[in-house]
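Visitor: I have a model open and want to learn how to read it. Where do I start?

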Amino acid sequence: MSMLQVKNLSKSFKGLQVLRDINIEVEASERHVIIGPNGAGKTTLFNCITGDLPLDSGTVTIEGRPVSHKPNHTRVHDGLARTFQKNNLFNQLTVEENVDLAIMACKPYRFRLFKPMSRYADMREEAERLLTEWGLWDRRHRKVDELSYGEQRLLEILLALASKPKILLLDEPTSGMSPAETIKTTKLIQSFPRSITLLVIEHDMEVVFSIADRITVLHHGEVFMSGKPEDIRGDERVKEIYFGGGMKRHAEA
């Protein structure tokens, strides 16, 4: 059984067809990367999977259970978490406060409003572990807007992990990062336990081929091709529509 299945998914906006009959299966523990030119519908697909956008038709299932009818905020309890192209953080709170809120949202005691978060030992330990693993412990008292852009991107991934997802959707996790930050983030993604299934949108082809077990190419809102990295790398049609006739040239751009 697939961990995540998208079947015959279509989405349009005021008559403009953005996605058409999308079919994607992501197996448990798989690192599945979605690539495609700008405007291919990649982020719209993510928004449909997470429930941020309603479907025109089709279904989304997690471990065989339909979730298409569920509100987006409830899908975290089905094991789904995501990041966004643009940071979705509380910029005026500290790094630690952002992590605390993310952890608290998944705890059974999240509705106990009159007890300070500092009193929950399990939450404090979890926050310290995450911040240490991601190299942000020494930044824990900094406000988010004092961090570098790359550090903010790392923090958003950390917050998604705080919900202990079965499936993690990463929307261009290295976008806007320096080369050093990109290398660091890629290594961290590679280190994720296989208990987490990954679906990733990524534009940096070095990152794509370093993390992907399987790659799906979107083009004009349709699945153009899906296969192993070596199959995608060697396909002349993919090079033409996405890499402008030269995969190496695009990766170096």
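**Reading helix and sheet**

Guide: In α2, the buried residues are Val95, Glu96, Asn98, Val99, Asp100, Ala102, Ile103 and Met104. Buried means under 20% relative accessible area, exposed means over 50%, and partly exposed lies in between (1.4 Å probe, protein chains only). Helices (H or I, at least four residues) and strands (E, at least two) are DSSP runs, numbered from the N terminus.

Visitor: What kind of model is this, and how are residues numbered?

Guide: It is a predicted model: local features need pLDDT of at least 70, side-chain atom pairs count only at pLDDT 80 or more, and totals for chains, interfaces and linings use all residues. Residues are numbered from 1 along each chain as its sequence is written, and side-chain values use heavy atoms, with hydrogens and water left out.

Visitor: How many residues of α2 are buried?

Guide: First the general idea. An α-helix has 3.6 residues a turn, so residues three or four places apart point the same way. Now the case. Helix α2 spans residues 95–104, and eight of its ten residues are buried.

Visitor: Which helices do the buried residues of α2 pack against?

Guide: They pack against α3 (121–133) and α4 (149–161). Contact here means heavy atoms within 4.5 Å.

Visitor: How many helices and strands does the protein chain have?

Guide: The chain has nine helices and ten strands. Of its 253 residues, 48% are buried.

Visitor: Now the strands. In which sense does β9 pair with β3, and in which with β10?

Guide: Strands of a sheet pair through backbone hydrogen bonds, either parallel or antiparallel. Two strands count as paired if DSSP finds at least two bridges between them. Strand β3 (residues 31–35) pairs with β9 in the parallel sense, over four bridges. Val33 has Ile215 of β9 as its bridge partner. With β10 (residues 222–227), β9 pairs in the antiparallel sense over five bridges.

Visitor: What lies between β9 and β10?

Guide: The two strands form a hairpin with two residues between them. His220, in the turn, has a positive phi of about 55 degrees.

Visitor: Is β9 mostly covered or mostly open?

Guide: Mostly covered. Strand β9 covers residues 214–219, and five of its six residues are buried.

Visitor: What is the strand order of the open sheet?

Guide: The six strands run β6-β7-β8-β3-β9-β10, with mixed pairing. β6 (80–82) and β10 stand at the edges with a single partner strand each, so one side of each has no neighbour in the sheet.
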